[in-house]
Amino acid sequence: MDLSYRRKITKTIIYILIIAAAAIIQNTNGLTIEIGGARCFLLLPVTIMIGMGEDEGFAGILGLIGGLFWDLNSAVHFGFNAAFMCISCFCCAALVTYIIRNTFISNFVFSTLSAFAYAFLYWLFFIIIKGVHGAELSLFSFYLPSAIYTMFTAPFIWFFINWIKKKLDKPIKA
């Protein structure tokens, strides 16, 4: 179904506001629940689930915006989150467009895989390769528990995102 130009702009603005809200919730102390020191990577499932079912380029831009919001809060690795999320959203949207269907399972699997890939790559690039002394076990004490926490929040995020997408794609009755 093709949307009018005005509805596409409205949809884009709402998506960006949802991503900005997720960034504020994720990056502000006290707004998210920490379980055993693990934090939810909320922006990963939000941007991936919004991008799935959309055009690959649009999904990549949404991932880039979400990553930039995340990078605004970091002082060390500016650009890693933007690049990772842009590539992840682009790949997930391309897979949904050309190979698989946009279902709950595909959304859950892709957001879970991206959370674990993010945790491992961040740990590898910014902890191990930089040679932070004694931080090798942080993979098991922070990064993997954070990915697991993100995995458990993904179904709730999917229900919210799916509800919003259905409302935005519903045709207007004349």
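Is Ser88 buried or partly exposed, and what is its relative accessibility? Ser88 counts as buried, because its relative accessibility is 12%, and the cut-off for buried is under 20%. The model described here is predicted.

**Helix H4 and Ser88**

- Helix H4 has 19 residues. From its first C-alpha to its last it reaches 27 Å, close to the 27 Å expected at 1.5 Å a residue.
- Ser88 is found in helix H4.
- Leaving aside residues up to four places away in sequence, Ser88 touches Ile48 and Ser114.
- Ser88 is one of the buried residues of H4, which also include Phe80, Asn81, Ala82, Phe84 and Met85. Further along the list come Cys89, Cys92, Ala93, Ala94 and Val96.
- The cover over the buried residues of H4 includes helix H2 (43-51), helix H3 (56-71) and H5.

**Aromatic pairs**

- A pair of aromatic rings is described by the distance of the centres and the angle of the planes.
- The structure holds 19 aromatic pairs.
- In one of them, the ring centres of Phe80 and Phe125 are 6.1 Å apart and the planes stand at 85 degrees. The pair is edge-to-face because planes over 60 degrees apart count as such.
- This pair links distant parts of the chain, since Phe80 lies in helix H4 (residues 80-98) and Phe125 in helix H5 (residues 104-128), 45 residues apart.
- Phe80 is buried, with a relative accessible area of 12%, whereas Phe125 is partly exposed, with a relative accessible area of 36%.
- Tyr122 and Phe126 form a tilted aromatic pair, with 4.9 Å from centre to centre and 40 degrees between the planes.
- Both Tyr122 and Phe126 lie in helix H5, four residues apart, which is about one turn of the helix.
- Tyr122 is buried at a relative accessible area of 14%, and Phe126 is buried at 16%.
- Ring pairs join Phe80, Phe125, Tyr122 and Phe126 into a cluster that also includes Phe41, Trp70, Phe84, Tyr118, Phe142 and Tyr143.

**Packing of H5 and H6**

- The axes of H5 and helix H6 (residues 138-169) come within 9 Å and cross at roughly 160 degrees.
- H5 is therefore roughly antiparallel to H6, as angles over 145 degrees count as roughly antiparallel.
- The crossing of H5 past H6 is right-handed.
- On the H5 side, the residues that meet H6 include Phe104, Phe108, Ala115, Phe116, Tyr122 and Trp123.
- On the H6 side, the residues that meet H5 include Leu139, Tyr143, Leu144, Ile148, Met151 and Trp158.

**Packing of H1 and H2**

- Helix H1 (residues 5-27) and H2 pack at an angle of about 170 degrees, with their axes 9 Å apart.
- H1 and H2 are therefore roughly antiparallel to each other.
- H1 makes the contact through Tyr15, Ile18, Ile19, Ala22, Ala23 and Gln26, and H2 through Leu43, Val46, Thr47 and Ile50.

**Lys167 in H6**

- Lys167 has its place in helix H6.
- With 45% relative accessibility, Lys167 counts as partly exposed.
- Lys167 and Lys11 are 156 residues apart in sequence. In space, Lys167 and Lys11 are 9.8 Å apart, C-alpha to C-alpha.

Conventions: Residues are numbered from 1 along each chain as its sequence is written. This is a predicted model: local features need pLDDT of at least 70, side-chain atom pairs count only at pLDDT 80 or more; totals for chains, interfaces and linings use all residues. Side-chain values use heavy atoms; hydrogens and water are left out. Rings of Phe, Tyr and Trp (its six-membered ring) pair if their centres lie within 6.5 Å; planes under 30 degrees apart count as stacked, over 60 as edge-to-face and the rest as tilted. Helices (H or I, at least four residues) and strands (E, at least two) are DSSP runs, numbered from the N terminus. Buried means under 20% relative accessible area, exposed over 50%, partly exposed in between (1.4 Å probe, protein chains only). The expected span of a helix is 1.5 Å times one less than its number of residues. Contact means heavy atoms within 4.5 Å. Axes are lines fitted to C-alpha atoms, for helices over the stretch in contact, and angles run from 0 to 180 degrees between N-to-C directions. Angles under 35 degrees count as roughly parallel, over 145 as roughly antiparallel, 65 to 115 as roughly perpendicular and the rest as oblique. A crossing is left-handed if the near helix is turned anticlockwise from the far one by less than a right angle, and right-handed if clockwise.
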